[in-house]
Every structure is written in structure tokens, then in C-alpha cells.
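Subject: Structure handover and notes

Dear colleague,

Please find below the structure I promised to pass on, with its sequence. My notes follow it, and I would be glad if you read them with the coordinates open.

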Amino acid sequence: MKFSSEQPKIIVVGSSSIDLVLETEKLPLPNETVLAVNSDSYFGGKGANQAVGTARLGASVYFIGCVGMDPLGQQIMRNLVGEGVNVGFVHETDQESTGTAYVTTSNGNAAIVVVPAANKYLNKDHIDEADRYFNTADLILIQLEVSMDVVEYTVKKAKKHGKKVGLYASPAMRISDEIIENVDFIIAKSSELYIIFGEEKREDVLKKYFNKVFVRDDTNSTIYFDGTEMKYYRNDRDKTVYKMGMGDAFTSGFAIALCHGNTIEDCVKFGNEVSSRVSGGKGSQNGLPRMADFVS
């Protein structure tokens, strides 16, 4: 792995939320009531997770998102500022409350319901307001917790400026051929490939989009095709406490390694290591490592 003295400049376009987490002894079945053994709240949202993740790894990060005009929105803004993320393009709306996610977790598994709320009000005009920063960025990161119109528009703008774009295709939905063609890498969950790409088999998808599609699963493993052979990497912790945010952590690590000019193989390895570390704590952002954890 190599890390230059240059500070990568990254724009993250995406969601932010407060995650309300209930820990139970088992996940409830339909029509079943269970008692929670603990409850807590954490900062989350795939976009905010990646903004914090890349900022902790040494990037200069601009976050483009939308929160409500409420106390939760203010908490998110303060947290991002505290993490060194530029929030000049985080917009406040009075049309909806701040986004939330309701999580029931048991023995490392989780059932998650996301309420996008204010995140739905992120629009193309908000992306345009940051136009001049696209020209100076090294990489643009997007996810799918904001509207597909915003995702497509962001990809077009990034390509107009000749910038690299990374997509974490979650929550899974079908993405257009135009997006697939114009992004530089796509990270997806193994169980959701058929939603994103259609009915193609995993091996077919990976071979068709070699060195572009990286498939993850809950064991913190990543598989991709390098043009010659399938590559597989896995990092397991002795104890995985919290699986939420592992995909965002992988994306953050992969993105930072790519910005520093590393090979695809090293980018995957670094992404896996970052993801492994975040799984050891509670909350999607709490366990995100800093560059000092890797470079002495």
C-alpha cells in the first residue's frame, strides 16, 4: 500500500440519518412481539457514513445532502463538522423531518427500515451549486438512498468534469446501462446482484464488468474479476458486533486507496481492512478508523 502526501479531494453525494437501534435476543417474526434488551441511537445514512469514513482516512471531503429543520438535522450537521467534513452544501428543508433508520439487531443480524424523509428533497439544483468543486475533486461517491434522478445527474456532471465516480449500489435497485458505463467502480451485495443487474449470474456480471464490479457479503469478503481470474479476499474479526455500515466502510477504504494510486488489488484489501475495523463497534460511524491507525 502507498499513501502519498497529497490530500485527496472527495465529494460525497448522498443521505444522512439518525439510526435508532434496538438490540433483541431474536429478530421478531411476522406478528410476533419481542422485548428489546437495549436501545440506542447513532449517526448514519450511507452518504454521511462515507463522508466521515473518507474524512477520517485523510481526505478533504465535501458532503452534498439534505436534512430537516429539526434537532436531529442539527445533530447531524454538528457531527459532520466535528469530523472535518465540509457541510456548505448540506441543505435544510422544511418539507420533511430528518431521515431516520429503524434497526432491530440480534446476534449480528439486522432488520432495517429506512425513512428517507428529508433525503428525498435533495435535487439537481443542489448538485449544481457545488459545480465548481467538481472540477477540483479527485473522486465523487454516490449511493442509492437519494433519488435516481440525483444519482444520474451527479454521474453526468462528474463525467463532464472528467472525474472518477464510485457507486455503492445500496439499497439495491436497478441501475441504468448509462450509469454502469460511466461510473468507475460499483460495490454491491452478493444477495442483491439480480436486482441491480437483472437475472445474470454473479460470475457473468463480474466477467462482463471486470475490475469495475466488487461483490460483498456479510462475512466481509469481496470478490471481483481482474480480467484473467476471480479474486477473493476475506477479513474476519473474532467478534463482529455491528454489521451496519460495513459496505460504506469498505467503499471509503477502497476510494482512499484508489485516490492514492494503488492497484485494484490493494484497494480491495484496504477496503476490507477498513470494513473489518468498523464491524468491531456499535454504530455505522463509531468504529471507522483513521489513517493514523494504518500509517505510523
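Surface patches, as I use the term, are made of residues with over 30% relative accessible area and no salt bridge, where like charges are joined within 9 Å and nonpolar side chains (Val, Leu, Ile, Met, Phe, Trp, Tyr) within 5 Å. The areas themselves come from the Shrake-Rupley method with a 1.4 Å probe, and for residues only the protein chains shown count as cover. Please keep in mind that this is a predicted model, in which local features need pLDDT of at least 70 and side-chain atom pairs count only at pLDDT 80 or more, while totals for chains, interfaces and linings use all residues. Residues are numbered from 1 along each chain as its sequence is written, and side-chain values use heavy atoms, with hydrogens and water left out.

With that rule, L20, Y102, V113 and V115 make a nonpolar surface patch of about 320 Å². L20 lies in strand 2 (residues 17-24), where helices (H or I, at least four residues) and strands (E, at least two) are DSSP runs numbered from the N terminus. With a relative accessible area of 30%, L20 is partly exposed; buried means under 20%, exposed over 50%, and partly exposed in between (1.4 Å probe, protein chains only).

On the aromatic side, rings of Phe, Tyr and Trp (its six-membered ring) pair if their centres lie within 6.5 Å, and planes under 30 degrees apart count as stacked, over 60 as edge-to-face and the rest as tilted. By this rule the count comes to ten aromatic pairs. In one of them, the rings of Y62 and F89 have their centres 6.2 Å apart and their planes at 45°, so the pair is tilted. This pair links distant parts of the chain, since Y62 belongs to strand 4 (residues 60-68) and F89 to strand 5 (residues 86-93), 27 residues apart. F89 is buried, at a relative accessible area of 12%. F214 and Y224 also form a tilted aromatic pair, with 5.2 Å from centre to centre and 45° between the planes. Here too distant parts of the chain are linked, with F214 in strand 11 and Y224 in strand 12, ten residues apart. Both F214 and Y224 are buried, and together with F185, F250 and F254 they form one aromatic cluster.

For the charged side chains, a salt bridge is a side-chain nitrogen of Lys or Arg within 4 Å of a carboxyl oxygen of Asp or Glu, and a search of the whole structure finds twelve. K160 forms one with D131, the closest N and O atoms being 3.7 Å apart. This bridge links distant parts of the chain, with K160 in helix 5 (residues 148-160) and D131 in helix 4 (residues 131-134), 29 residues apart. K160 counts as exposed at 60% relative accessibility, whereas D131 is partly exposed at 23%. Both belong to a network of salt bridges that links D128, D131, K157 and K160. Elsewhere, the side chains of K231 and E229 meet in a salt bridge (3.3 Å, N to O); K231 is buried, with a relative accessible area of 17%, while E229 is partly exposed at 42%.

Two further buried positions may interest you. V151, in helix 5, is buried at 2% relative accessibility and, leaving aside its neighbours within four places in sequence, is in contact (heavy atoms within 4.5 Å) with I142, Q143, L144, V146 and I179.
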